[in-house]
Amino acid sequence: MTKSLLSKWKKYLPDPFILGIISMIVLAWLIPGIGGENSFIKLKVLTQYGIALLFFFYGLRLSPEKLVNDLKNWRLHILIQSITFIVFPLLVLLFRPFLKGTDNEILWLAVFFLAALPSTVSSSVVMVSIAKGNITSAIFNASISGVIGIVVTPLLMGFFLEKQAEAFDFGGVMADLFMTILMPVFAGLLLHRFWGSWAIRNKRYLGLFDKSVILSVVYRSFSDSFLNGIFKNISWFDLIVLTASVIVLFFVVLNLTQALTRLMKFNREDSITVIFCGSKKSLMHGSVMAGVIFAGSSAGSIFLVPIMIYHAFQLFYISLIAQKLGKDHS
């Protein structure tokens, strides 16, 4: 009876990871500066090594053979990656003329950063599995999206970062991304044949490590912003508008992907994969890339706000759709 009651209430509780992120923001607000420059253990250094390890383990879990074999479903792959890296940014770009040169241009740029990010990995695959979609293609697209995003996301951001008031060393950013993300991913891929099975067996523990790195990045970003008084310049009204804009963006892309799958006459399984992988954005990649791309900016945590809102909402709404589709097909 008690277990049954707990299971019923569990589905209404927030995701533990989301609660962890909220806790880190509150901690950064109450006690900013933990692991700062004058600390014995510097959080900046720890997160740099943590990010490199995170992407090494990510590459270790990728199977080069499976990625190559799934290339045959090229129409589906091209559509998903086009939605992720072309449609998303273009939709947000439409609103740039209205905010260019205003005080809220930085908020627009934060939403554009969200739009330029790759798709999620684990949650996309899980949701496609629940909805009984094409799991193999979901794994391929979620994985390859992260690899593409390592290059494409900073390139897209580079068109606008240099125009901001603060100096962004784009060449330095690319070098940092190469050393902390690209190199570890490729190293993991090369060593997959030796340690890949170990990484897959222990993916639960590696997943906990991933989340701990992201939580440390979130704390550090918000800690720096609270110490520099960044959020004093953002009103509650702006935050409400930002939240509404992110949710509207989600529904526009979701409906657009559904229309495109019908137009291209995909079967049920492939349609589910396109809708779920194409409409999602990765908090993991967003957190770690923000830590590298905006390392020289005191407003770095602002770029995390839209992706955190989007991530929480996409988990909630997509899980409802996935469960409904799975029951309808059972």
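This is a predicted model: local features need pLDDT of at least 70, side-chain atom pairs count only at pLDDT 80 or more; totals for chains, interfaces and linings use all residues.

**The overall fold**

You will find 16 helices and 0 strands in the protein chain. Of its 330 residues, 49% are buried. Among contacts with a separation of 6 or more, 86% join residues 24 or more positions apart.

Now colour by pLDDT. The chain has a mean of 80, with 86% of its residues at 70 or more. Select residues 2–10 next: this is helix H1, whose mean pLDDT of 56 is the lowest among the elements of the chain. Then jump to residues 74–93, helix H5, which has the highest mean, 93.

**A nonpolar patch on the surface**

Select Leu-19, Ile-22, Val-26, Trp-29, Leu-30, Ile-31 and Ile-34, and show their side chains. Together they form a nonpolar surface patch with about 690 Å² of accessible area. Click on Leu-30, which belongs to helix H2 (residues 16–30). Is Leu-30 buried or exposed? Leu-30 is exposed, because its relative accessible area is 57%, over the 50% cut-off.

**A buried salt bridge**

Next, pick Arg-96 and Glu-105. Their side chains meet in a salt bridge, with 2.9 Å from N to O. The structure holds 1 salt bridge, and both of its residues, Arg-96 and Glu-105, are buried.

**Two lysines in loops**

Move to Lys-132, in the loop between helix H8 (122–130) and helix H9 (135–161). Its phi is near 65°, a positive value in a residue other than glycine. Lys-132 is partly exposed, at 38% relative accessible area.

Now select Lys-265, found in the loop between helix H13 (236–263) and H14. Lys-265 also is not a glycine, yet has a positive phi of about 55°. With a relative accessible area of 73%, Lys-265 is exposed.

**An enclosed helix**

For the last stop, select residues 268–278, helix H14 itself. Why is H14 described as largely enclosed by the rest of the structure? The reason is that 9 of its 11 residues are buried. Among them are Ile-272, Val-274, Ile-275 and Phe-276, and the buried set also includes Asp-270 and Cys-277.

Terms used
Residues are numbered from 1 along each chain as its sequence is written. Side-chain values use heavy atoms; hydrogens and water are left out. Patches are made of residues with over 30% relative accessible area and no salt bridge: like charges are joined within 9 Å, nonpolar side chains (Val, Leu, Ile, Met, Phe, Trp, Tyr) within 5 Å. Accessible areas come from the Shrake-Rupley method with a 1.4 Å probe; for residues, only the protein chains shown count as cover. A salt bridge is a side-chain nitrogen of Lys or Arg within 4 Å of a carboxyl oxygen of Asp or Glu. Helices (H or I, at least four residues) and strands (E, at least two) are DSSP runs, numbered from the N terminus. Buried means under 20% relative accessible area, exposed over 50%, partly exposed in between (1.4 Å probe, protein chains only). pLDDT is the predictor's confidence in each residue, from 0 to 100. Contact means heavy atoms within 4.5 Å.
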